Amino acid sequence: MTEQHEAPSGVSGRALQKEIPQATVARLATYLRVLAVLADDDVAIVSSEELAVAAGVNSAKLRKDLSFLGPNGVRGVGYDVAKLRSRIESVLGLAQGHRVVLVGAGNLGRALVGYGGFRRRGFTVVGMFDSHPEVIGMPVAGLVVRAVAELAAAVAELKPTIAVIAVPEAAAQEVCDRLVAAGLQSILSFAPCELIAPATVEVRRVDLAVEMQMLSFERVRNAEQAPLPEVAHAGPGHIAHCLPAPHPALQNSATSHTATEPSSKGSVVTP
């Protein structure tokens with residue numbers, strides 16, 4: 001049996017969240033993805049080594065990250081997959097799920113709305129908006145694109161908790177202002193520019209070009225510093241050492257992601 005995943009005595013969940021570093025929060029999201037794969041494969045217990053290898057971290061860092069959540073497992077037994085998954089979902093604020101509205105029905109916006117992984121992870125896109133006459137009224141993944149002019153009334157109707165901006169840079173600030181005025185306090189932007197918002201509004205930006213530039217830099221650096229591969233030879237009287245094999249459910253857990261830049265057609269434009 002593993003221990004219950006409860007916050008340390010006298011510490012509220014909200015207080016616990018404030019103590020967790022941002023880097024740990026990012027890794028908790030990765031652990032959650034791995035745990036979801038295990039749960040889908042009916043795995044009940046996972047060792048720290050298996051979970052760490054699948055998440056791409058060392059086991060010491062994993063144990064430190066999970067220590068922020070309170071008691072998590074028993075030495076020599078492992079982690080209860082269902083309970084640890086539930087605990088992480090609670091800390092990340094995913095227990096009740098989120099309703100999402102997306103502004104921008106261009107290539108990127110349509111790809112995001114059509115991605116089924118969001119719903120599986122607790123994010124349901126409930127509304128899609130644009131200002132281009134040619135795309136307003138168009139069906140996309142079970143939704144009908146609505147006019148951005150309806151945004152304020154739609155937010156009151158749909159009660160979203162998160163908004164996504166998938167429009168060109170020139171229109172992003174106007175869209176952000178509309179969302180803030182409508183009452184949204186959590187915004188994810190794919191526009192390649194900084195957005196100005198009140199301190200009470202959390203804005204996170206994903207710049208795909210910057211991410212690819214970082215990959216380019218790492219590729220060049222790794223090519224310059226790459227050592228010759230080490231080959232372990234098990235000769236007479238020697239044992240070849242290797243990492244423990246991951247659980248079969250984790251071997252094919254990696255997913256590929258494809259995204260495109262927002263197109264000018266089908267994206268919100270300034271008047």
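Two strands pair if DSSP finds at least two bridges between them. Helices (H or I, at least four residues) and strands (E, at least two) are DSSP runs, numbered from the N terminus. Before you click, note that this is a predicted model, where local features need pLDDT of at least 70 and side-chain atom pairs count only at pLDDT 80 or more, while totals for chains, interfaces and linings use all residues. Residues are numbered from 1 along each chain as its sequence is written, and side-chain values use heavy atoms, with hydrogens and water left out.

Select strand E5, residues 123-130. E5 pairs with E8 in the parallel sense, over two bridges. Look for Phe-129, which sits opposite Arg-146 in E8.

**Stop two: the whole sheet.** Zoom out and you'll find six strands in an open sheet, ordered E8-E5-E4-E9-E10-E11, with parallel pairing. E8 (146-147) and E11 (202-205) are at the edges with a single partner strand each, so one side of each has no neighbour in the sheet.

**Stop three: strand E9.** Which way do its side chains point? Ile-162 and Val-164 point one way from E9, Ala-163 and Ile-165 the other, and all are buried (under 20% relative accessible area; exposed is over 50%, partly exposed in between, with a 1.4 Å probe and protein chains only). Four bridges join E9 to E4, with Val-100 opposite Ile-162. Three bridges join E9 to E10, where Ser-189 is the bridge partner of Ile-165. Show helix H9 (169-182) too: H9 lies across E4, E9 and E10, at about 165° to E9.

**Stop four: salt bridges.** What counts as one is a side-chain nitrogen of Lys or Arg within 4 Å of a carboxyl oxygen of Asp or Glu, and the count comes to eight. Finish with Arg-146, Glu-150 and Glu-157, which are linked in a network of salt bridges.

Methods: Contact means heavy atoms within 4.5 Å. Axes are lines fitted to C-alpha atoms, for helices over the stretch in contact, and angles run from 0 to 180 degrees between N-to-C directions.
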